[in-house]
Amino acid sequence: MLQIAETNTETGSASAQVVRPRNRAGTERAIFIAARTLLAEEGFQGFGVNAVARRAGCDKQLIYRYYGGLNGLIDAIGADLGNWVKDRIPEDTGGMFLLTYGDLMEKLAIYFMDALREDPLVCKIVAWEVSQDTPQVRRLTESRTKALAKWLDKMRGSLTPPKGVDVATTNAILFAAIQHLVVSSAVSGQFAGIPLKSEKDWEKVASSVRRLVRAIYG
């Protein structure tokens with residue numbers, strides 16, 4: 001296997017590692033991808049600085065240098081899981097969304113559902129994230145939730161919801177329900193007796209989501 005050596009800038013020594021860009025940005029990205037993949041595959045049981053370094057093909061000291069250690073990596077992964085929708089959901093740059101908050105939330109809910117269905121890696125992380133209660137999992141969840149909330153706030157812009165609606169709670173329930181349905185689909189292909197396998201099944205889900213959103217936001 002072709003290898004390259006990344007030079008330690010402090011000692012001048014070099015060690016053979018897997019192929020990757022010989023610059024900080026490239027190494028940071030390699031570490032991040034290795035950590036994200038390892039976490040999705042093994043959960044926190046097999047997640048540690050040494051394991052990430054082996055997967056990334058770098059010295060573990062670079063993880064401390066670039067991310068401040070394992071907690072910094074967890075924060076970065078959590079933020080990425082919250083921001084991942086940005087790459088899959090178009091922003092309203094040309095009047096794509098209509099002029100009511102209900103229009104906005106209907107579109108965002110459906111876009112979010114479709115994006116989540118297309119990313120099995122995120123589904124897997126979400127599944128074990130909600131089934132474990134450890135300091136590391138809580139840290140990951142908090143980072144992901146904050147990033148997602150910022151995205152929702154940015155997408156909302158100046159649109160305002162109807163008076164009397166607890167937007168934070170309502171949207172949390174809506175997106176949590178979508179996440180749970182998608183995860184259930186990946187695990188068993190159904191939820192509460194409702195099939196979640198074919199496109200026709202998901203069209204029914206989308207129709208129900210739209211009706212719920214409109215019933216709340218108009």
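Colleague: Where does tyrosine 111 lie?
Modeller: In this predicted model, tyrosine 111 lies in helix H5.

Colleague: Buried or exposed, or partly exposed?
Modeller: Tyrosine 111 has a relative accessibility of 27%, so it counts as partly exposed.

Colleague: How far is tyrosine 111 from alanine 206 in space?
Modeller: The C-alpha atoms of tyrosine 111 and alanine 206 are 9.9 Å apart. In sequence the two residues are separated by 95 positions.

Colleague: Stepping back, how many helices and strands are in the protein chain?
Modeller: There are nine helices and four strands.

Colleague: In what order do the elements run?
Modeller: From the N terminus, the chain goes β-β-α-α-α-α-α-α-α-α-β-β-α.

Colleague: What percentage of the residues are buried?
Modeller: Of the 218 residues in the protein chain, 41% are buried.

Colleague: And what share of the contacts is between residues 24 or more positions apart?
Modeller: That share is 63%, taken over contacts in the protein chain with a separation of 6 or more.

Colleague: Which residues touch the most other members of the largest nonpolar core?
Modeller: Ile31, Phe47 and Leu140 do, in a core of 57 residues. Helix H5, residues 101–117, gives the largest share of this core, with nine residues.

Colleague: What does isoleucine 31 touch?
Modeller: Leaving out residues up to four places away in sequence, isoleucine 31 touches Val52, Ala56, Cys58, Leu62, Ile63, Tyr66, Tyr67 and Leu73.

Colleague: Which residues of helix H2 are buried?
Modeller: In H2, which spans residues 49–56, Val49, Ala51, Val52, Ala53 and Ala56 are buried. Val52 and Ala56 are also among the residues that isoleucine 31 touches.

Colleague: Why does alanine 53 count as buried?
Modeller: Because its relative accessibility is 6%, and the cut-off for buried is under 20%. Alanine 53 touches Cys58, Asp59, Lys60 and Ile63, not counting residues up to four places away in sequence.

Colleague: How far apart are alanine 53 and alanine 34?
Modeller: They are 19 residues apart in sequence and 8.0 Å apart from C-alpha to C-alpha.

Colleague: What follows H2?
Modeller: Glycine 57 follows H2, and its phi is positive, near 75°.

Colleague: Which residue other than glycine has a positive phi?
Modeller: Alanine 192 is one of them, with phi near 55°. Most residues other than glycine have a negative phi.

Colleague: Where does alanine 192 lie?
Modeller: Alanine 192 is in the loop between strand E3 (190–191) and strand E4 (194–195). Its relative accessible area is 67%, so alanine 192 is exposed.

Colleague: Now H8 and H9. At what angle do they pack?
Modeller: The angle between H8 and H9 is about 175°, and their axes are 12 Å apart. H8 is therefore roughly antiparallel to H9.

Colleague: Which residues meet there?
Modeller: From H8, the residues are Val167, Thr170, Asn171, Leu174, Leu181, Val182 and Ser185. From H9, they are Trp202, Val205, Val209, Val213, Ile216 and Tyr217.

Colleague: How many are nonpolar, polar and charged?
Modeller: The contact of H8 with H9 has 10 nonpolar, three polar and no charged residues.

Colleague: What does threonine 170 touch?
Modeller: Threonine 170 touches Val165, Ile216 and Tyr217, with residues up to four places away in sequence left out. Threonine 170 has a relative accessibility of 18%, so it counts as buried.

Colleague: Which backbone oxygen lies 2.8 Å from a polar atom of the threonine 170 side chain?
Modeller: That of aspartate 166.

Colleague: And asparagine 171, buried or exposed?
Modeller: Asparagine 171 counts as buried, because its relative accessibility is 8%. Asparagine 171 is in helix H8, residues 167–187.

Colleague: Which side chain makes a polar contact with the side chain of asparagine 171?
Modeller: The side chain of tyrosine 101 does, at 3.1 Å. Asparagine 171 touches Tyr101, Met105 and Tyr217, not counting residues up to four places away in sequence.

Colleague: Last one, leucine 212. Where is it, and is it buried or exposed?
Modeller: Leucine 212 is in helix H9, residues 199–217. With a relative accessible area of 54%, leucine 212 is exposed. Leucine 212 and leucine 174 are 8.9 Å apart, C-alpha to C-alpha, and 38 residues apart in sequence.

Notes: Residues numbered from 1 in each chain as written. Predicted model: local features only at pLDDT ≥ 70, side-chain atom pairs only at ≥ 80, totals over all residues. Heavy atoms only, no water. Helix = DSSP H or I, 4+ residues; strand = E, 2+ residues; numbered from the N terminus. Buried < 20%, exposed > 50% of the residue type's maximum accessible area, 1.4 Å probe, protein only. Polar contact = N/O pair within 3.5 Å; in protein donor to acceptor, adjacent residues only side chain to side chain. Contact = heavy atoms within 4.5 Å. Axes fitted to C-alpha atoms, helices over the stretch in contact; angles between N-to-C directions. Parallel < 35°, antiparallel > 145°, perpendicular 65-115°, else oblique. Nonpolar A, V, L, I, M, F, W, Y, C, P; charged D, E, K, R; others polar. Core = buried A, V, L, I, M, F, W, Y, C linked by side-chain atoms within 4.5 Å.
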